[in-house]
Amino acid sequence: MSEKKGRYVLWFDEIGIEDVPLVGGKSASLGEMTRRTSVPVPYGFATTAEAYRYYIKANRLDEKISEILKELKDPNDTQTLQRVGARIRSLIASAEMPKDLEEEIVKAYEELARRVGEEDPFVAVRSSATAEDLPDASFAGQQETYLNVHTADEVVEKIKHCYASLFTDRAIFYRIQKGFDHMAVALSAVV
């Protein structure tokens, strides 16, 4: 994993189950199936938890998110939970993708297009949280998936929306219920 640390994009054949902290359970499982089985897995790549953290840090979102979360005194207060969640998702989704990260994602999408022999292939962009499958908690299914994503620009945009979906109302509520630090979870986007 050390040669993978610090990278923002990894191909399925570069990752496996040992990389859950870096790419989340869904991405790691796709990598494991690609590398170790004969199961037909559409080829693809994943952005790493490092990429997510870089995106958050480059846009100085961590403190803003923490401040907004302070408004939520009671997670059972549905109106406040919805308002807080919507503000955080909007903040994350509307932030600017750092140019070097965007270039890496675009380059990976273009390489994927080359490998599948299509100019702008339709892809799915799926969320894979780094805390999905802990022994005492299951975060799977709480973040978003986008289907029929077409063009490099759309892929970049949907990755931002995947990042934002780490703060769906149900994900915020669940992390509070489980006593899990919101800022300790990162997200990988599977393309």
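Okay, let's start with R60, which sits in the loop between α2 (49–58) and α3. Helices here are DSSP runs of H or I with at least four residues, strands are E runs of at least two, and both are numbered from the N terminus. Before I go on, this is a predicted model, so local features need pLDDT of at least 70 and side-chain atom pairs count only at pLDDT 80 or more, while totals for chains, interfaces and linings use all residues. Residues are numbered from 1 along each chain as its sequence is written, and side-chain values use heavy atoms, with hydrogens and water left out.

Back to R60. Its phi is near 50°, a positive value in a residue other than glycine. Most residues other than glycine have a negative phi. Is R60 buried or exposed? R60 is exposed, at a relative accessible area of 61%. By the cut-offs, buried means under 20% relative accessible area, exposed means over 50%, and partly exposed is in between, using a 1.4 Å probe and protein chains only.

There's another residue like that: N148 isn't a glycine, yet it has a positive phi of about 55°. You'll find N148 in strand β6, and N148 is exposed too, with a relative accessible area of 58%.

Now the helices. Two packed helices are described by the angle between their axes and the distance between the axes. Helix α3 (residues 61–69) packs with helix α4 (residues 78–93) at an angle of about 170°, and the axes are 10 Å apart. That makes α3 roughly antiparallel to α4. The axes are lines fitted to C-alpha atoms over the stretch in contact, with angles from 0 to 180 degrees between N-to-C directions; under 35 degrees is roughly parallel, over 145 roughly antiparallel, 65 to 115 roughly perpendicular, and the rest oblique.

Which residues meet there? From α3 we have L61, K64, I65, I68 and L69, and from α4 V84, R87, I88, L91 and I92. Contact means heavy atoms within 4.5 Å. Those contact residues divide into eight nonpolar, no polar and two charged.

On to I172, in helix α7 (residues 169–178). I172 counts as buried, at 0% relative accessibility. I172 touches L69, L72, L81, G85, F167 and H182, leaving out residues up to four places away in sequence. Take L69: it is 103 residues from I172 along the chain, but their C-alpha atoms are separated by 9.1 Å.

How many residues are in the largest nonpolar core? There are 47, and Y55, I92, I159, Y163 and F167 have the most contacts inside it. A nonpolar core here is a set of buried Ala, Val, Leu, Ile, Met, Phe, Trp, Tyr and Cys residues joined through side-chain atoms within 4.5 Å. Helix α6 (residues 152–164) gives the largest share of this core, seven residues. There's also a second, separate core of 10 residues, including L10, F12, V41 and A46.

Last stop, the strands. Strand β3 (residues 123–129) is mostly covered, with five of its seven residues buried. β3 pairs with strand β6 (residues 145–149) in the antiparallel sense over three bridges, and R126 has T145 in β6 as its bridge partner. Pairing takes at least two DSSP bridges between two strands. β3 also runs antiparallel to strand β7 (residues 187–190), joined by four bridges, one partner pair being S128 and S188. And both faces of β7 are covered: L187 and A189 on one side, S188 and V190 on the other, all buried.

Note on methods
Ala, Val, Leu, Ile, Met, Phe, Trp, Tyr, Cys and Pro count as nonpolar, Asp, Glu, Lys and Arg as charged, and the others, Gly among them, as polar.
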